[in-house]
Amino acid sequence: MNIIRTSSYEEMSMQAAKIIIKQVKNNPALTLGLATGSTPIGLYKELINDHHNNGTSYKDVHTINLDEYIGLPKDNPSSYHFFMKHQLFNYIDLPIEQTNVPNGTAEDLERECERYEEKIRQLGGIDLQILGIGQNGHIGFNEPGTSFESRTHIVQLTENTIEVNSRFFNTIDEVPTKSITMGIQTILECKEIILLASGASKAKAIARMINGPVSEEFPASCLKKHPNVTIIADSDALQLV
Ligand code: PGA
């Protein structure tokens with residue numbers, strides 16, 4: 001694991017943006033894996049600014065998001081479809097039909113999981129995947145105990161995740177209890193992974209990922225099995241390492 005320690009959230013975002021922009025320039029048809037949550041918002045702002053100021057183009061890029069809540073329609077402001085449109089897709093030249101987020105309102109959710117895996121295969125796999133990390137070590141919505149062999153699947157969210165994510169909803173009762181997420185095996189097959197973390201609330205999780213054992217009880221520990229992972233984190237998130 002490469003570790004890039006930054007002095008601030010802004011620098012973390014800039015460093016991640018630099019890597020993505022370089023890769024898009026080298027391979028304009030990159031398949032880019034994206035994440036939601038508070039952490040990547042600064043990165044997406046950097047990509048938007050760079051697109052406007054330097055003209056980096058995403059017209060041949062395809063994107064694959066990690067996860068989506070089950071039961072939220074795409075136009076629900078708390079859905080990850082909505083988040084991605086409003087934090088990134090609406091502001092760069094990426095054709096919307098080249099973006100992929102699991103459909104959390106599909107009639108047949110098992111079929112939707114298979115379709116998502118098939119889509120990733122059709123795109124030739126994910127070249128570069130952006131990840132955040134949950135306080136409980138989840139990556140995507142792969143909660144503690146998820147098999148390292150899992151592919152895109154339906155999960156029951158833990159109480160901790162529901163509580164942490166309730167800040168994006170009016171009340172905790174509105175937070176969906178299930179989601180669709182790319183699996184651990186799906187994530188491990190990405191050619192390159194960048195994990196972002198910022199703030200003291202992530203310090204324990206980051207330390208356990210870096211120094212703890214590889215165990216399904218702590219999903220992010222699977223990344224130690226991957227040959228090309230870069231952690232970009234600010235000094236608050238790295239304070240226990
Ligand atoms: P956050 O979420 O970026 O909002 O902290 C990360 C995650 O739960 O994976």
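**Sheet, buried aspartate and ligand site in a predicted model**

Biologist: Which residue in β10 is the bridge partner of Ile-194?

Modeller: Strand β9 covers residues 192-197 and strand β10 covers residues 229-234; strands here are DSSP runs of E with at least two residues, helices are runs of H or I with at least four, and both are numbered from the N terminus. The two strands pair in the parallel sense over five bridges, where pairing requires that DSSP finds at least two bridges between two strands. Within β10, the bridge partner of Ile-194 is Thr-230.

Biologist: What pLDDT do local features need in this predicted model?

Modeller: Residues are numbered from 1 along each chain as its sequence is written, and side-chain values use heavy atoms, with hydrogens and water left out. The model is predicted: totals for chains, interfaces and linings use all residues, side-chain atom pairs count only at pLDDT 80 or more, and local features need pLDDT of at least 70.

Biologist: In what order do the seven strands of the open sheet lie?

Modeller: The pairing in this sheet is parallel. Its edge strands, each pairing on one side only, are β1 (2-6) and β5 (99-100). The order is β1-β10-β9-β6-β2-β3-β5.

Biologist: What angle does helix α7 make with β9?

Modeller: Helix α7 comprises residues 203-211 and lies across β1, β9 and β10. Axes are lines fitted to C-alpha atoms, for helices over the stretch in contact (heavy atoms within 4.5 Å), and angles between N-to-C directions run from 0 to 180 degrees. Relative to β9, helix α7 runs at about 145°.

Biologist: Which residue is the bridge partner of Gly-33 in β6?

Modeller: Strand β2 (residues 31-34) pairs with β6 in the parallel sense over two bridges. β6 also pairs with β9 in the parallel sense, over four bridges, and there Leu-128 has Glu-192 as its partner in β9. The residue of β6 that partners Gly-33 is Gln-129.

Biologist: At what distance does the side chain of Asp-127 make a polar contact with the side chain of Lys-191?

Modeller: A polar contact is a pair of N or O atoms within 3.5 Å; within protein, one must be able to donate a hydrogen and the other to accept it, and residues adjacent in sequence count only if both atoms are side-chain atoms. The side chain of Asp-127 reaches the backbone nitrogen of Thr-31 at 2.8 Å. With the side chain of Lys-191, the polar contact of the Asp-127 side chain is at 3.1 Å.

Biologist: How much of the area that the ligand exposes when taken alone does the protein bury?

Modeller: Ligand oxygen atoms lie 2.8 Å from a polar backbone atom of Ser-38, 2.7 Å from a polar side-chain atom of His-138 and 2.6 Å from a polar side-chain atom of Lys-202. Taken alone, the ligand exposes 280 Å² (Shrake-Rupley method, 1.4 Å probe). Of that area, the protein buries 84%.

Biologist: Which residue in β8 is the bridge partner of Glu-68?

Modeller: Strand β4 (residues 67-69) and strand β8 (residues 178-181) pair in the antiparallel sense over three bridges. Four bridges join β8 to strand β7 (residues 153-156), also antiparallel. In β8, Glu-68 has as its bridge partner Ile-180.
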